[in-house]
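The entries follow in the order I looked things up.

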Amino acid sequence: MLSLVPTRLLQSGYRPLSPGSRAGLGAALVLLAIISAVELADGRVAHYVALMVAAPFLAAALASWRMVLGVGAAATLLGAGFALAEPEMSLVTSVNVAGIALATGLAAAVAFVRQRQAEQIAELSKLAAVAQQAVLRPLGPQVGTLSVAGRYISSTATAEIGGDLYEAIDTPYGVRMIIGDVRGKGLDAVRLASIVLGSYRHVAYERADLRAIVADLDRAVARNVGDEDFVTAALVEERGGTLTIVNCGHPPPLLLRRGAVIPLEPPAPAPPLGFMPVVRPRVERLEPGDRLLLFTDGLGEARRDGEFFPTADRAWRLLGHGTVADGLASLETALVEWVHGRLDDDIALVLMEYVGARTGVTTAVPSWEVGATES
C-alpha cells in the first residue's frame, strides 16, 4: 500500500520540490531552528525574536511564494510563542512579532514576482529551442551516401542560436551542404541566417550548378542587409564520389584522410555573399572513409592566453574515430576545455563521412564540375 502513495500524489498534481526550493526551505528552517535554540537558552525574555524576520526573505530567494508563506507562518507562530512565554509581554516583542507577519507578506510578494519571471524565462527558453530547431534542423545521421552530424556551440548561456548556419540535404544533384556565418550578432543575425537557409533549401533542389546557387543566395542576402552586412559561406556537393566545393570568404573545410588533415583551399578567393562573389569550384575525388569538417570562424578564433586552438593538429585524433557525432562531441569537449569554457564567438560544426558510392548506381558527374578548376 505504501508503494502506491508516491504514484497517487503525482496523479493528484503533486510536484517534487526543485533543488532551489529545497535549498531555500532548508536554509530558512535551519535559521529558525538556530534562533529558537538561542532564544530558549537565553531565558524567558525574548531578545532575538526580531531575527526571525530574515527567514521568509531567505526562503523568498529560492523557494515558491507558497513555501515563503509557510515559513513566514512558522516564524510568526514561533515568535508569538516566545512572546507569550515572557513573564510580561513587552511592546517591543509585540512589534517584532507583527514585523515578522508583515515581512512574510512582503517576502511572499517578492517570491511571487521572482517565480513569474522565472516562468517567463523558461517559456522564452522553450521558444528559443523551437526557433533553433526551425532554423537549424537536426542533421543526419545519414544523408544520401554520407554519414552527417551537426553541432552548434553557443558562446553565451542565454542564447542557443546566433548567426551561424548549416544544412545538409539529399537532392537530385547529390548531397549538398552549406555552412555559413552572418556578420554581427543578435536577432538581426538570426533573421538573416533564416533567410539564407530558407533560400538555400529551395534553390538547392532547383539548380544544377553550385555557382547558380551562390548567385541566388547572394541576391537574397543583398535584398535583406545593409551596405556593410554580409554572410560568409561554403557550399559542398557530393555526387558519385566527387566532392565539389565553392567558397565565399569562409574558412576552408578540412579533409581528413588516412591520418592526414588537408585544408581544401579554394582555387581563387571570393568575397562573401552580399558582395556579388564570383566563385571557382574545387573538385576532389573522395575515398571511402574520408571525413570532411565544415566549421565557422569561431573555431579558428578560439584561444586561451593568446594561443589559438590547434584545430588542424588535433583534428584527426578528435574526429577520425567513432561515429561522426562522436567526433563532434570530442571536438567540442576538447575545445571547451582549451578555452576554459569561455568562447568569444558562436561555432557551427558539420562533420561528414563518405562511406562509398551506392552499389549498382552510376551517378554522372556534372560537366561543369569536370575541369572547373582548370578554367
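Is phenylalanine 112 buried, partly exposed or exposed? I looked it up in what is a predicted model. Phenylalanine 112 comes out as partly exposed, with a relative accessible area of 38%.

**Ring pairs.** I found three aromatic pairs in the structure. I placed tryptophan 65 in helix 4 (residues 65-85) and phenylalanine 112 in helix 5 (residues 91-135), so the pair ties together parts 47 residues apart in sequence. Tryptophan 65 is partly exposed too, at a relative accessible area of 25%.

I then turned to phenylalanine 309 and tryptophan 338, whose ring centres are 5.9 Å apart with planes at 80°, so this pair is also edge-to-face. Phenylalanine 309 belongs to the loop between strand 12 (307-308) and helix 9 (311-319), while tryptophan 338 belongs to helix 10 (residues 324-338); the pair therefore links parts 29 residues apart in sequence. Phenylalanine 309 is buried, with a relative accessible area of 5%. Tryptophan 338 also counts as buried, at 10%.

**Around tryptophan 338.** I noted a charge here: the charged end of arginine 304 sits over the ring of tryptophan 338, 3.8 Å from its centre.

**Helix 9 against helix 10.** I read a packing angle of about 135° for helix 9 and helix 10, with the axes 8 Å apart. The two helices are therefore oblique to each other. Their crossing is right-handed. From helix 9, the contact uses Arg314, Leu318 and Leu319. From helix 10, it uses Gly327, Leu328, Ser330, Leu331, Ala334 and Trp338.

**Backbone entries.** I checked the bond between glycine 140 and proline 141 and found a cis peptide, with omega about 5°. Proline 141 lies in the loop between helix 5 and strand 1 (142-143).

I located arginine 258 in the loop between strand 7 (254-257) and strand 8 (260-263). Arginine 258 is exposed, with a relative accessible area of 67%.

I logged histidine 340 as another non-glycine residue with positive phi, near 55°. Histidine 340 is in the loop between helix 10 and strand 13 (347-354). Its relative accessible area is 59%, so I marked histidine 340 as exposed.

Definitions and conventions:
Residues numbered from 1 in each chain as written. Predicted model: local features only at pLDDT ≥ 70, side-chain atom pairs only at ≥ 80, totals over all residues. Heavy atoms only, no water. Phe/Tyr/Trp six-rings, centres within 6.5 Å; stacked < 30°, edge-to-face > 60°. Helix = DSSP H or I, 4+ residues; strand = E, 2+ residues; numbered from the N terminus. Buried < 20%, exposed > 50% of the residue type's maximum accessible area, 1.4 Å probe, protein only. Lys NZ or Arg CZ within 6 Å of the ring centre and 35° of its normal. Axes fitted to C-alpha atoms, helices over the stretch in contact; angles between N-to-C directions. Parallel < 35°, antiparallel > 145°, perpendicular 65-115°, else oblique. Left-handed = near helix turned anticlockwise from the far one by under 90°. Contact = heavy atoms within 4.5 Å.
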